[in-house]
Every structure is written in C-alpha cells, then in structure tokens.
Amino acid sequence: MTEASTMRIAFLGLGHMGLPMAQNLVAAGHEVHGFDLMPAAIEAAQAAGIPVAASGADAVADADVVITMFPAGRHVIDAYRTELLAAARPGTLFIESSTIAVDEARAAHALALAAGHRNIDAPVSGGVVGAENGTLAFMVGGSDEDFAAALPVLEVMGKRIVHCGGPGLGQAAKVCNNMVLAVSQIAVAEAFVLGERLGLEHQALFDVVSQASGQCWSITTNCPVPGPVPTSPANRDYQPGFAGSLMAKDLGLALQAIEQTSTDARMGRLAQQLYAAYADGEGATRDFSGIITDIRDGRV
Ligand code: NAD
C-alpha cells in the first residue's frame, strides 16, 4: 500500500456509497469536507463524524482532491459546470466515482481540464459492504500521473485498483464487466429453472456447474436458489446485495455504449431488456439474482 500523507478532500454525494467511503477517509486521518443536497444525508454524515460544508463550492474551495459520488452523469456534469470547477483552486484533482456513461465521463474530463484541473474516472464495484469495509474495486481512466496522485486516496477506500487506460476507460471497464455479470446471472437462472423442469435437484446442478466449465461468480457466490451457497441473497428472500434497479441502470449505460459503437452485442441487449422489466417490478428493491423468479414465472 502507498503511504498517504494527509490531504484536504472534498467529498460530494454522501449517499449509500459516499457516506461510508468518506468515513474511511476520515478514519485514515484525511481532512474531509463533505456535502450533499439532501438534508437527511447531511444529518447522517454529521452523526457519523464527517464535517459538512455549507455548499459544494465551499467544500471544494481549499481541497487538494474532490471526490464525487452522485446518482447519474447529469448530476456530475451539472455540478462540474455550475459550481465545482469554478470554485476549486487551479490544478485540483477531481476523482469522479459515480457510475456514468463513458461519453459523460469524457465530457466531465474535458470540462475539468478546460477549467485548469485534473480528472480521473474511478467507478467502483463492491457495493455498500465494500464501501463500509474499504474493500471496493476501483476501475480508473486517466493519465498515469493523475492515477499515481489518486492512488493513496483510492487505497484507503478500496483494495483492488486497476488503471484501465485513458479518460473514460474506467467506466468502459465497469460497463463491460457488468454486462458479463448480467448475462451470466441470467444464464445461471435459466439453467436452474430448466433443471427443475427436468427433475434435477438444485444441489446436484450446483455441485456439477460450480466445479465445471459453467463455473462463474453468479453461481459460486450469488447462487440464485436457496441452499447451495448459504450467504447468497436467495437465502434471505433476495434482499440485496446488488439491487435489480442498479443492474438495470448499468445495463442502460451498456446499451448506450453498444449503440454508440455499433457493437453486435445481442446478449447484452437482451439482458438490458430483461433487467429493465425486472426493475419495473420486484427488482426495484430485490437483488438482481432474484430475476430467477420472473424467469420461472414467465414474467420477463
Ligand atoms: P445515492 O442516491 O444513495 O447517493 C447519491 C447522493 O448524491 C445523494 O445523497 C444525492 O443527494 C447526492 N447528490 C446528487 N447531486 C449532488 C450535488 N450536486 N451535490 C452534492 N450531493 C449530490 O446513490 P449510491 O447508492 O450511493 O450510488 C452512488 C453512485 O455509485 C451511483 O452512480 C451508483 O450507480 C454507483 N454505485 C452504487 C453501488 C451501490 O451498491 N449502491 C455500487 C456500485 C456503484
């Protein structure tokens, strides 16, 4: 791990992910100034010991590093344009960790550079548990120099940090990974439902696939039927985990990238349709592995 000296860090977006990430930065001795638009998020942050600034502009004014963890790309572009870039000192390092479209990440990067700042995209995987435990995976797009400058900060919040290439390529890696995940989770669900109809016990199918060429995270960790993997969401009525609505959001970004690049990604397109339908119903709040119920019942 790289040794981190104390830095002044503005942390904007203190929601499900941002709050525990900011807490880890405080615990590591950094001087953190948080901000969120929602009073409830501000109160929760103050209760958790995070100093909260009066506005986004105030939070970034003295910062060495600005981290944003917002719901979507439009929030990032709006905040960069209207407030943050003008308020920060020249040369501030902006770490954009929200999950946003590749072209939005590149637009944010261009805006930051035009305003005299530095910027990397650094989306995460690992969910709220990873954020709390400081074990997130970061996928980073940006220059070698900016990646090196961000690394000591990212290492406080994450345990696997991969420099994927230039601007936007962290988001590109994230969208590609989640497309693989969605397709494999659907394939595993279909296999269990088909097995049920052929008279195959869940445990028997698990014992075979988890040790054979069909092995993947969607069965070995996120097994969509109760029993074989006691810690999987299927054993707690599909409480997330990773909600179907978040998977649907990420597949919407994948679809955008598929269309912009004219890529023949039929499985990815189909996964996007199935998860959009699932997220319209129970998947709004249930784990994305719960799509097996809709597949079994013919609802997606
Ligand atoms: P969230 O909605 O809980 O938190 C986002 C926060 O940003 C909100 O509190 C909102 O008020 C705040 N915000 C919006 N605009 C702002 C602005 N201009 N200034 C200050 N605050 C502002 O969302 P989350 O679950 O924490 O997710 C954040 C991002 O991380 C999303 O892009 C999501 O896709 C991604 N992500 C989430 C998970 C997860 O499991 N929740 C996992 C991986 C990635």
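Gly241 sits in the loop that runs between α10 (217-220) and α11; helices here are DSSP runs of H or I with at least four residues, strands are runs of E with at least two, and both are numbered from the N terminus. The model is a predicted one, in which local features need pLDDT of at least 70, side-chain atom pairs count only at pLDDT 80 or more, and totals for chains, interfaces and linings use all residues. Residues are numbered from 1 along each chain as its sequence is written.

Pro240 and Gly241 are joined by a cis peptide bond, with omega about 15°. Tyr238 belongs to the loop between α10 and α11 too, and its phi is positive, near 60°, although Tyr238 is not a glycine. Most residues other than glycine have a negative phi, and most peptide bonds are trans.

In total, 27 residues surround the ligand, and the closest are Gly13, Gly15, His16, Met17 and Thr99. By class, the shell has 15 nonpolar, ten polar and two charged residues. The nonpolar class holds Ala, Val, Leu, Ile, Met, Phe, Trp, Tyr, Cys and Pro, the charged class holds Asp, Glu, Lys and Arg, and the others, Gly among them, are polar.

The shell draws at least three residues from each of domain 1 and domain 2. The protein chain is assigned domain 1 (8-166) and domain 2 (172-297), with bounds that come from an automatic or database domain assignment. Taken over C-alpha atoms, the centres of the two domains are 29 Å apart. Nine residues of domain 1 are in contact with ten residues of domain 2, contact meaning that the C-beta atoms, placed from the backbone, lie within 7 Å. On the domain 1 side, the residues that touch domain 2 are five nonpolar, three polar and one charged.

An unreviewed UniProt entry lists residues 8-165 as "domain: 6-phosphogluconate dehydrogenase NADP-binding". UniProt positions are given in the numbering used here, feature names are shortened, and annotations may be inferred rather than shown by experiment. The span 8-165 is 46% helix and 24% strand, and its end C-alpha atoms lie 26 Å apart. For residues 168-292, the unreviewed entry gives "domain: 3-hydroxyisobutyrate dehydrogenase-like NAD-binding". That span is 61% helix and 0% strand, with 33 Å between its end C-alpha atoms.

Strands β7 (residues 136-141) and β8 (residues 158-165) pair in the parallel sense over six bridges; pairing requires that DSSP finds at least two bridges between the strands. Gly141 stands opposite Gly165 in β8. Together with helix α7 (residues 144-157), β7 and β8 make a right-handed β-α-β unit. Right-handed means that, with the strands pointing away from the viewer, the path from the first strand over the helix to the second runs clockwise.

Terms used: A residue is near a molecule or strand if its C-beta atom, placed from the backbone, lies within 6 Å of it. Two residues are in contact if their C-beta atoms, placed from the backbone, lie within 7 Å.
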